[in-house]
Amino acid sequence: MIFSSRTTIFFLPALLLCCGAKAQLIPETSQVFSQSSASSKTDLGGGVEFGDRIGQALASGDFNGDGHLDLVIAVPYEDQGDNTESGWVHVVYGRRGGLSAEDDEIWSQAGTIEGLVEPRDESGFSVTTGDFNGDGIDDLAFGGPGEDIGSIFRAGGINVIYGSPSGLTDINNRGFNQDTTGISGESEEGDQMGYSLAAGDFNNDGFDDVAIGVPTEDIGTVEDAGTVQVLLGSASGLAAEGNFFLDRSADGMGGVATDDVFGNALAVGDFNGDQFPDLAIGAPFDSRTTDNAGTVHLIYGGVDGPDLSTNEVWGLDSPGIDLLPAQGDEFGSSFTVGDFDADGFDDLVVGLRGYQNSTGAALVLHGTNEGLASARHRLLQPGVDGFAGSPLQESRFADDLTAGDINGDGADELMVGSRDRHVGLQRSAGAVLIAYGEPGVGLVNEGSMLWDRSDLEVAGNPVSYDRFGSAVLLADFDGDGLDDAVISSPNREVANVLEAGDVVVVYNSGTLFADRLEAIGSPFKDCDDCPVMVNIPGGSFMQGSPPGEPQRNTDEGPRRMVNVPTFAISQTEVTFAQWDACVADGGCGHNPDDEGWGRGDRPVINVSWNHAQQYVTWLSNKSGQDYRLPSESEWEYATRAGTTGRFNTGACISGDQANFRASTTPATGCATGNEPQQTLPVASFDPNAFGLYDTHGNVWEWVQDCWNDNYVDGPVDGSAWMSGDCDKAMLRSGSWSNGGQFVRSASRNWQYHRDFGYEGAGFRLARSATQ
């Protein structure tokens, strides 16, 4: 069940909007990926076995340079033949609309990849991505902390797979361990190199480097003190040469101690805004104050990389925080980095999974021009200070953390896993807390949500020991500019196999590959002469424009929440070719002039509202479907496609995105651009998030409604408003002959009678959705 601190939340099949709020995650879009799924779009392959526990770690990167993020799903306990728990990672490639496992790849130490597949390697226990060779395409690094190096048990190592225009490739792949020539130190039993990973360009040479946690490295005679290895990137990729070794024996680092496990967790961010990456290192079992209270080291970057002289040691008792460290807090057990107040400085969130008898907590420290500061720090827990949910002992809140911008306001949100949280009678079923960032403020309790699996529609009910929230990730996989959520349940039973595990992806956009909404966003045609239609998922949205929107007209208000049922709308404006087919078949008696611009795929023009009704009648009879013009509410809902601003392209629109007077009269605050001064063939520009073309500009589009000069008393069920001045019909979209003011999502045109057509007016169609 969702626990929310906001009292009015609408959970809807296409949009999750409240009272004009920005976009949010949409539970109904959930995809469930596993190694045994009935759909090829979510079936990762490899088969399910007891104890696979997929989703131990997650990461994202663009491995083929196509502009769409790809998802990395780690399965470190996968058996390969007789090699139990040798491990591998899945890579699911992103594309417009989201992720599909049809493009899934499996990577391990098999085949031509350096190293050997051996029992208990645990390849994929940690994963990170970066451009290590500077070719503009992301590369993948995964850790195998259980790997034996020769006869040295669990010494550990990492593998690096490089990206290319065709995706990840085995060409030039590398394996590294502490016996690799040129790397400082040496492999020892139980070092567990690769337990954690983080990437950043530490020496500012244009190539990403990788920090590698070796948390149970012995320093001299001090057991499990821990260290961090840093490998530098180059034009040929990661290299052993020039690597450096960080531990707590250096001046100012506090000295090594038994069981610190320094390097257990790592994070990279720019906390002082100097453009050099800084490195956060967790030592969660540091017992200097009390047993396993934990500390965090922050080492600031500079022109030569991490500068040990800048080292800061943080704990709950740091000045300005002044909380009392307690036994078993495990401060520094997890990290994430985000800019929660949109001030341009990265902020650090530190996990304390053992806090208050494993209730868990997350400490937020804000970045400033002088680095991390205790001022404005926040200790976050469910049910505390107005955040959703309630504190629950032994839930291990903050065992994993992630940050990203879900709602597009420039301030990052925080998602926190609570893998052992009980849900009803289901023990350790797991949950995640989502807290929203606010520009100029930081994380706020308003709108926070505590999700378990029952809130995600197709994800199924929570079950004991699923451990939903073991790994969490926020990243934009469907290319809508808003981050989507990935949440793993590594212990969930799949296909009657215990602890096989699965991973749930929740999107911000309605255009997705989820099996449950297979028809949504999928083009279809009812007949050869019929326009291509797209099913639009039903939902609610705020129709109209807010009073402060630039170039707003008063007829665009008052804004109101409108509930729109699922329907279908034509992917493009009706073309001359489609209209001419109606004329040739005797269904349309009007042969409109094309103004000398051409017919074919250009939108039909010089047609009135009454002419459009002739086409509707002819097509309905021909196809056996009930075609019509869209209602004004349907039209605006489909145009916005989940957006809330002036345009579905963002705050501005240009001549590269739509056909309008972008040169002579651009939208207020927007740049000038191309201006054809005539219609263009339909689909000349990119579609919106619902896959619809030319919803801004090209031609005005007739809708079904009568003219009313505001929305007072208008229908809120998505239907057409068939009262008012019905001698005049509504037009939406703006045209090639209009400035930016008139191509806004909320703009309305009422000046033409139903029997009047001109060179700036056309239409698109609607009908009931396919089932």
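Strands (E, at least two residues) and helices (H or I, at least four) are DSSP runs numbered from the N terminus.

Strands β36 (residues 539–543) and β37 run antiparallel and are joined by five bridges; two strands pair if DSSP finds at least two bridges between them. Gly 539 has Val 564 in β37 as its bridge partner.

## Basis of the values

Residues are numbered from 1 along each chain as its sequence is written, and side-chain values use heavy atoms, with hydrogens and water left out. Because the model is predicted, local features need pLDDT of at least 70 and side-chain atom pairs count only at pLDDT 80 or more, whereas totals for chains, interfaces and linings use all residues.

## Nonpolar cores

A nonpolar core is a set of buried Ala, Val, Leu, Ile, Met, Phe, Trp, Tyr and Cys residues joined through side-chain atoms within 4.5 Å. The largest one has 34 residues, and those with the most contacts inside it are Tyr 615, Leu 619, Trp 702, Phe 763 and Leu 765. Two or more residues come from each of α2 (576–584), α3 (609–623), β39 (700–707), β40 (725–732) and β41 (761–763). Helix α3 gives the most to this core, with six residues.

Another core, of 21 residues, lies apart from it; among its members are Ala 265, Leu 352, Tyr 355 and Leu 372.

## Disulfides

The structure holds four disulfides, each a pair of cysteine sulfur atoms within 2.5 Å. With the bonded cysteines numbered in sequence order, the pairing is 1-2, 3-4, 5-6, 7-8. One of the disulfides joins Cys 582 and Cys 588, with sulfur atoms 2.0 Å apart. Its S-S torsion is about 85°, so the disulfide is right-handed. Cys 582 and Cys 588 are both buried.

Cys 652 and Cys 670 form another, with sulfur atoms 2.1 Å apart; the link is left-handed, with -95° about the S-S bond. Both cysteines lie in the loop between α4 (632–640) and β39, so the pair ties together parts 18 residues apart in sequence. Cys 652 is partly exposed at 30% relative accessible area, while Cys 670 is buried at 11%.

Cys 706 and Cys 726 are also bonded, their sulfur atoms 2.0 Å apart. The torsion is about 95°, so this disulfide is right-handed. The pair links Cys 706 in strand β39 to Cys 726 in strand β40, 20 residues apart. Cys 706 is buried, with a relative accessible area of 1%, and Cys 726 is partly exposed at 27%.

Technical notes. Buried means under 20% relative accessible area, exposed over 50%, partly exposed in between (1.4 Å probe, protein chains only).
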